[in-house]
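The sequence and the structure are shown below.

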Amino acid sequence: MKQKTLNQILALTENQQSQIKGMLTDYINYFKKNQGDFRGEKKTYESVPGYVDVPQNRYHRRIVTTVDEKINYLQETLSPILENMLTLESTNASGTPKAELIVDGESWGEFSSLELLRLKSFVSNSKFVEMLGNIPTRSDAKNWISSVEEGYENRKVMQIPTMQFEEKTTEKEEMILIDPNIERAIEAGKDINYSPQKTVRTKQVVIGNGTFTEFSGEWSHISRAGALKKLQSLKEAIIDALQRANQVEIVESKLKSDKIFEYLFGN
């Protein structure tokens, strides 16, 4: 592969700050306005023979996307942009102060102060923090398990255990009330003139059976909080590295101000 030159990197990074801001703004708006895209439901139903079907008890609203899928796309899009920016600073920083970047006790390598400044600017973007803060999250009050639903394989979709339900209706049944006095009169051989007393009894009957399942492509509250904490830890690590990178003795420039002013204002 042909090696990129500095002017190519400059051209690539010229408008990338606005591109980053625009993409993060789009994500913030999407997370705020389209939370339903991360949630799904499935309901099945089968009526009992002899009873009318209830079609509205059958539906399947699928998840449009998951938080992980959105974050993966964001990462794929921003990765080359960020790497171009860091490459630019690395090229410009030949011979400048450097320091080891240590994040959560792990060394990420040695970087120039210009690279660290560029990285600090990227992770300090207020839109980045706002985007993470608006990531949709699922309720902690429900018992979520990994989904085995067809179509959700390898998508990190969660679901609540499928629930069974019965569809019921009320039916009325006419009944004749039993009068014990009539039975005794019949046993005694007496002539009776009797009109039976009737009543109406109501009862519930099962007319169908179904299932209900709820799906989520959202993050847990813990995952979102963890991402925000990691962002803060990275910022602190960069600031610490910058402080160490700048603890070097100065190297005076060979170009002196007298030379400049004498050239500009000398007769």
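A residue is called buried when its relative accessible area is under 20%, and exposed when that area is over 50%. The model discussed here is predicted.

By this criterion, Gln16, Ile20, Met23, Leu24, Tyr27, Ile28 and Phe31 of helix H2 are buried. Viewed down the axis of H2, these buried residues fall within an arc of 140 degrees, so they line one face of the helix. An α-helix has 3.6 residues a turn, so residues three or four places apart point the same way. Ser18, Asp26 and Lys33 are exposed on the other side of H2.

Strand E8 (residues 198-216) pairs in the antiparallel sense with strand E1, with strand E6 and with strand E7. The table lists these pairings.

| Strand | Residues | Bridges to E8 |
|---|---|---|
| E1 | 39-47 | 9 bridges |
| E6 | 158-159 | 2 bridges |
| E7 | 163-176 | 14 bridges |

Glutamate 41 stands opposite glutamate 214 in E8. Methionine 158 has serine 216 of E8 as its bridge partner, while methionine 175 stands opposite threonine 199 in E8.

The largest nonpolar core holds 34 residues, of which Leu101, Met131 and Ile238 touch the most other members. Two or more residues of this core come from each of helix H2 (16-33), helix H3 (67-92), strand E3 (98-103), helix H4 (113-123), helix H5 (126-133) and helix H7 (221-245). The largest share, 8 residues, is given by H7. In soluble globular proteins, nonpolar side chains tend to be buried together.

Which residues does leucine 101 touch, not counting those up to four places away in sequence? Leucine 101 touches Glu106, Ser107, Trp108, Gly109, Phe111, Leu116, Leu119, Ala237, Ile238 and Ala241.

The average pLDDT of the protein chain is 83, and 80% of the residues score at least 70. Where pLDDT is low, the predicted coordinates should not be read in detail.

Terms used
Residues numbered from 1 in each chain as written. Heavy atoms only, no water. Pairing = 2+ DSSP bridges. Helix = DSSP H or I, 4+ residues; strand = E, 2+ residues; numbered from the N terminus. Core = buried A, V, L, I, M, F, W, Y, C linked by side-chain atoms within 4.5 Å. Buried < 20%, exposed > 50% of the residue type's maximum accessible area, 1.4 Å probe, protein only. Contact = heavy atoms within 4.5 Å. pLDDT = per-residue confidence, 0-100. Arc of directions from axis to C-beta.
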